[in-house]
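Please open the structure in your viewer and keep the selection panel at hand. Each stop below names what to select and then describes what is found there.

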Amino acid sequence: MSFVESPEQRALRRAVADLGARYGRDYVRRQVRQGERLDELWREAGKLGLLGVNLPERYGGGGGGMYDLSLVLEEFGAAGCPLLMMVVSPAICGTIIARYGTDEQKQRWLPDIARGEAIMAFAITEPDAGSNSHRLTTTARRDGGDWILSGRKVFVSGVDQAAAVLVVGRTEDAKTGRLKPALFAVPTGAAGFEYRPVEMDLAMPDKQFLLFLDDVRLPGRALIGEEDAALRQLFAGLNPERIMAAASSVGMGRYALDRAVTYANSRSVWDTPIGAHQGLAHPLAQIKIELELARLMMQKAAALYDAGEDLAAGEAANMAKYAAGEAACAAADRAVQVHGGNGITTEYGMAGLLVAARATRIAPVSREMILNFVGSHSLGLPKSY
Ligand SMILES: Cc1cc2nc3c(=O)[nH]c(=O)nc-3n(C[C@H](O)[C@H](O)[C@H](O)COP(=O)(O)OP(=O)(O)OC[C@H]3O[C@@H](n4cnc5c(N)ncnc54)[C@H](O)[C@@H]3O)c2cc1C
């Protein structure tokens, strides 16, 4: 086991940090104000091969793993410009297709996803199911060689920029009460597929959407992987999701801490910089430790995942996602506090981080559902539900 990153990984970190620094937080805030996305940054990152470092070389990717992809998102986050759709397109959808798709599906999607030329969104959450995926009602029925898909999804990120959405449904003959998912790549232009934005109090360039699927007809090849192995396939995508959510939170936390430290070093209202007061220095030191611990767990989860240890990776990925969300929230809160009144001015742009960090405790899986998982799976405690 090595805690030393390879020269290639260090070079990758530097390349992302350099690109992130050229865009930075001001770019993100400007785009949000104008209702625009981060398309220029996304395209440039795609051309440099940064968005598909985890995908197989044979299909246009970098041939690395989740460790490498999480490193990319962490550095974009630390530069103040996290790319939310990296969590979804190359990590969840790219992984599932790379591991379980047919060769035709891999050829169709992976090179475009790796270059950032096509984005695939991911839709599992439903209005009436929420955290309880066993209650999914989006249903697929066969019609000759086709599938007909109907249902509702909510909070799906980035549908407006996606070529397709990987929709988690269930097959019609699987109404046993237990989740028996089936995964479909649904083109956003398909007849019967509609979406509209959910108004969010979140200063983020990527929006969330309600999806309406009304008898969407899909060819047989839209089913990703096997109908009967879909639960395994779904979990293969959810571990990367959690690792990437942790990476985004760690990056955001690093960004907030960096801003706080810069301010604490430069602002003096007595005879020394405010960072000399232990009332400010200790909480910042504590956040540094918490972020490093969360990052270590994220790296462990990624290393386990890349080694094919899916089960152990699942536990570590959940713990990493939990720890990183908590650390990001603490970092954003403390960074605002260190800035005093400036912490909530538009000029300093810190207050928006509070809600963004807060969202990491809810999505893509809430802190309570992770605590449930650790309570029942890791500790063997009975479930309440
Ligand atoms: C910014 C953002 C982006 C998102 N992007 C996507 C996306 O791209 N695709 C997608 O499919 N979804 C997406 N989501 C949805 C997200 O995954 C859900 O919001 C999340 O899983 C929680 O589901 P819910 O909102 O229905 O809350 P609910 O399930 O209604 O839960 C409400 C509260 O009750 C708690 N709770 C529920 N059950 C239990 C229990 N058994 N024990 C203890 N507490 C419990 C929850 O933790 C939560 O605090 C996104 C959400 C946000 C905010």
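The tour goes from the domains to the ligand and then to individual residues.

This is a predicted model, in which local features need pLDDT of at least 70 and side-chain atom pairs count only at pLDDT 80 or more, while totals for chains, interfaces and linings use all residues. Residues are numbered from 1 along each chain as its sequence is written.

**Stop 1: the domains**

Colour residues 7-118 as domain 1, 121-224 as domain 2 and 230-378 as domain 3. These bounds come from an automatic or database domain assignment. Between the C-alpha centres of domain 2 and domain 3 the distance is 29 Å. Their contact involves 11 residues of domain 2 and 10 residues of domain 3; two residues are in contact if their C-beta atoms, placed from the backbone, lie within 7 Å. On the side of domain 2 that touches domain 3, strand β5 (residues 181-187) supplies the largest share, 3 residues. Helices (H or I, at least four residues) and strands (E, at least two) are DSSP runs, numbered from the N terminus. That side of domain 2 consists of 8 nonpolar, 1 polar and 2 charged residues. Here Ala, Val, Leu, Ile, Met, Phe, Trp, Tyr, Cys and Pro count as nonpolar, Asp, Glu, Lys and Arg as charged, and the others, Gly among them, as polar.

**Stop 2: the ligand**

Select Gly130, Ser131, Ala363, Ser366 and Glu368, which come nearest among the 21 residues around the ligand; a residue is near a molecule if its C-beta atom, placed from the backbone, lies within 6 Å of it. Two or more residues of the shell come from each of β1 (120-123), β3 and α10. The shell comprises 13 nonpolar, 7 polar and 1 charged residues.

**Stop 3**

Most residues other than glycine have a negative phi, and most peptide bonds are trans. Select Ala363 again: its peptide bond to Pro364 is cis, with omega near -5 degrees. Pro364 is in the loop between α9 (352-359) and α10 (367-378).

Next, select Phe155 in strand β3 (residues 146-157). Phe155 is not a glycine, yet its phi is positive, about 65 degrees. Finally, select Asp215 in strand β7 (residues 208-218), where phi is also positive, about 50 degrees.
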